[in-house]
Amino acid sequence: MRAAVYTRYGAPTVVQVEERELPVPKPHQLLIKVHASCLNSADVRLRSLRIPLGFGLISRLIFGIRAPRRPILGVDLAGTVVAVGDNVSRFTSGDAIIALTGMAMGAHAEYVCLDADGAIAHKPARLDFNQAAALVFGGTTALDFLRRGQLKAGETILINGAGGAVGCAALQLARHYGAQITAVCSADKRALVLSLGAHAVVDYRQQDFTHNGQRYDVIMDIHGNAPWAKARSALAPGGRLLAVCATLPQMLQALWLPLWRRERVIAGPCAERAEDLAELAALAEAGILVPVIDRSYSLAQIAEAHEYVDSGHKQGSVIIEISPNSLTG
Ligand SMILES: NC(=O)c1ccc[n+]([C@@H]2O[C@H](COP(=O)([O-])OP(=O)(O)OC[C@H]3O[C@@H](n4cnc5c(N)ncnc54)[C@H](OP(=O)(O)O)[C@@H]3O)[C@@H](O)[C@H]2O)c1
């Protein structure tokens with residue numbers, strides 16, 4: 001099979017398409033033909049090892065000290081089950097699915113094996129494989145953080161970094177929950193974020209939202225430049241800061257802050273659950289959650305795609321079309 005492989009950390013050109021052996025599913029696994037995956041912020045972080053402060057050593061210990069231990073990136077996918085292990089009853093061959101591959105990654109390849117009891121759900125029928133893939137990474141992250149932040153109808157939320165994969169999903173979920181939404185993004189994305197549910201927009205190049213006198217029940221800092229020290233002045237009493245891109249010191253602060261403040265900081269990796277994917281699929285089926293796709297690349301163009309995502313200004317999701325014309329194995 002063809003796969004996008006990286007054997008050292010570095011610039012986009014370290015990722016090359018190579019032939020690899022077809023994986024063989026274990027008794028509890030599925031063999032999945034990948035039709036589409038996204039190139040996410042997580043992939044460029046792991047490729048370049050640009051990791052939030054405090055996580056550099058931990059990341060190298062997990063993902064490889066000198067070189068990547070798992071050479072195929074890709075944390076989300078939409079694909080078709082083409083074989084199932086003997087102990088699997090949840091899915092059958094031919095099922096169209098969406099999935100998170102988690103720490104195993106490996107979705108930037110024609111085939112991948114995943115545990116059948118992992119974060120996998122049936123693909124929403126109304127979406128094609130590209131659209132379905134675009135639901136997964138941003139959607140699960142936004143769903144998990146908004147749930148942990150207990151966003152309620154009528155509350156105010158500010159979403160900092162609203163135009164990316166997580167932001168586009170967070171806007172639509174916050175609209176669904178009945179919140180009053182302020183989006184922080186560049187002027188280029190103003191029309192997009194308004195269409196996804198924002199009631200007000202702050203262009204971060206023109207205005208600092210922590211200095212405009214407004215206060216919010218929830219601040220979702222996706223971009224990572226509004227930690228507690230900065231965002232606290234814009235949080236309403238008892239408000240919650242969802243630190244999606246937190247450094248290690250900020251995560252530690254999240255633990256002790258409740259000892260002396262009513263406000264809370266919610267940080268840490270988001271959960272990867274099959275139920276959340278099923279919930280996202282149902283929301284997409286109902287037309288409540290619409291995937292936002294910036295652009296698509298073929299697997300052969302993977303280095304070009306990394307270069308684009310490296311710019312840090314993508315809009316929604318960037319798709320890697322892996323087996324785009326085939327619906328089944
Ligand atoms: N905790 C977790 O489990 C978890 C899970 C997923 C992602 N994350 C983290 O979340 C972050 C964002 O992920 P993503 O996938 O949504 O990224 P993304 O799709 O690459 O989008 C990043 C967005 O940030 C915007 N941006 C750039 N500079 C900005 C600034 N100064 N202020 C506000 N917005 C700015 C960009 O658009 P404009 O500049 O044009 O507005 C872009 O749309 C990443 O750092 C990732 O590591 C954490």
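On the α3 side, F137, G138, G139, T141, A142, L143 and L146 take part, and they meet A165, V166, C168, A169, A170, L173 and A174 of α4. Sorted by class, the residues of this contact are eleven nonpolar, three polar and no charged. Keep in mind as you look around that this is a predicted model.

How do helices such as these get described? Two packed helices are characterised by the angle between their axes and the distance between those axes. Helix α3 covers residues 129-148 and helix α4 covers residues 165-176; their axes come within 7 Å and cross at roughly 55°. That angle makes α3 oblique to α4. The crossing of these two helices is right-handed.

Helix α3 has another partner to show you, helix α8, which spans residues 274-285. Here L135, V136, G139, T140, L143 and D144 of α3 meet D276, L277, E279, L280 and A284 of α8. This contact is made up of six nonpolar, two polar and three charged residues. The angle between α3 and α8 is about 110°, and an angle of 65 to 115 degrees counts as roughly perpendicular, so α3 and α8 are roughly perpendicular to each other.

Here are the two pairs in one place:

| Helix pair | Angle | Axis distance |
|---|---|---|
| α3 and α4 | roughly 55° | within 7 Å |
| α3 and α8 | about 110° | 10 Å |

Now step back to the whole chain. It is divided into domain 1 (2-136 + 291-321) and domain 2 (138-267). The centres of the two domains, taken over C-alpha atoms, are 27 Å apart. Where they touch, domain 1 gives 15 residues and domain 2 gives 16 residues. The side of domain 1 that touches domain 2 has eight nonpolar, six polar and one charged residue.

The shell holds 31 residues, and the closest are G163, G164, V166, C185 and S186. At least two shell residues come from each of α1 (41-48), α3, α4 and β9 (180-185). By class, the shell has eleven nonpolar, 16 polar and four charged residues.

Note on methods. Residues numbered from 1 in each chain as written. Predicted model: local features only at pLDDT ≥ 70, side-chain atom pairs only at ≥ 80, totals over all residues. Axes fitted to C-alpha atoms, helices over the stretch in contact; angles between N-to-C directions. Helix = DSSP H or I, 4+ residues; strand = E, 2+ residues; numbered from the N terminus. Parallel < 35°, antiparallel > 145°, perpendicular 65-115°, else oblique. Left-handed = near helix turned anticlockwise from the far one by under 90°. Contact = placed C-beta atoms within 7 Å. Nonpolar A, V, L, I, M, F, W, Y, C, P; charged D, E, K, R; others polar. Near = placed C-beta within 6 Å. Domains from an automatic or database assignment.
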